[in-house]
Amino acid sequence: GTATMARFAVMLTDFKMLTRLAFTLCASVCVFVLSGDCVNAQSPTSSETPASSEEVTDVAGDMIVAVGAGGTVEYEEVFAGWADQWKQVAKAANIAHHEIGRDSEKKDREKLEELLASKKSKTNSDAPPSPLWLVMLGHGTAERNNAKFNLRGPDISSSDLRDWMADCERPLIVIGGFSCSGAFLKDLTGD
């Protein structure tokens, strides 16, 4: 709810470029900040900001880009273009990039669940946790209480994603770049 959003105000200033890009890449996008505690997160001062990307040694989080089933060649090309743009953004922001949905193996649901499970724990207990970005690009469906993101093979529902990420120790930012993504809001935020 509102309290959760307020807790991330400092963190989101660091990622303003990324969230703005979310709205330009996809016609209908929902951005949800779901979990984690970044009250003590600090934006770097200009003197702390490295002069070039070669000097950056710490990864500023993880980004998982899930490219959904295109249905047609035209949509596959559009979704691939969006995924390529997100990869460039992750590189520019020094965020580790992970992608599912464009390889020859079509076990996307299983791969996504495993990747999310491997990334939801904090990596360094002394530092504030880095954010985990989940960018879902493609098609979705929703009717009544059943919202889904369409993958190659079995789809994932909003309740699946909620259950998978219930014990996430990192700030989780979900970018729903797919039709009916707003229907995920209730399950993911608990509102």
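At 25% relative accessibility, N94 counts as partly exposed, a class that lies between the buried limit of under 20% and the exposed limit of over 50%. The model described here is predicted. N94 sits in the loop between α4 and β3 (96-100), just after α4. Its phi is positive, near 60 degrees, in a residue other than glycine.

## Helix α4

Helix α4 covers residues 73-92, 20 residues in total. At 1.5 Å a residue the helix should span 28 Å, and this agrees with the 29 Å that separates its end C-alpha atoms. The buried residues of α4 are F79, A80, W82, A83, W86, V89 and A90.

## C180

A positive phi is also found at C180, about 70 degrees, although C180 is not a glycine. C180 is placed in the loop between β8 (172-178) and α7 (185-189). Its relative accessibility is 35%, so C180 counts as partly exposed.

## E110 and a negative patch

E105, E110, E113 and E114 form a negative surface patch. One of these residues, E110, lies in helix α5, which runs over residues 108-119. The relative accessibility of E110 is 43%, and E110 therefore counts as partly exposed. Patch residues need over 30% relative accessible area and no salt bridge.

Notes:
Residues numbered from 1 in each chain as written. Predicted model: local features only at pLDDT ≥ 70, side-chain atom pairs only at ≥ 80, totals over all residues. Heavy atoms only, no water. Helix = DSSP H or I, 4+ residues; strand = E, 2+ residues; numbered from the N terminus. Expected span 1.5 Å × (residues − 1). Buried < 20%, exposed > 50% of the residue type's maximum accessible area, 1.4 Å probe, protein only. Patch = residues over 30% accessible without salt bridge, like charges linked within 9 Å, V, L, I, M, F, W, Y side chains within 5 Å. Areas by Shrake-Rupley, 256 points an atom, 1.4 Å probe, with all protein chains shown as cover. Salt bridge = Lys/Arg side-chain N within 4 Å of Asp/Glu carboxyl O. Lys, Arg positive; Asp, Glu negative; His and termini not counted. Charge placed at Lys NZ, Arg CZ, Asp CG, Glu CD.
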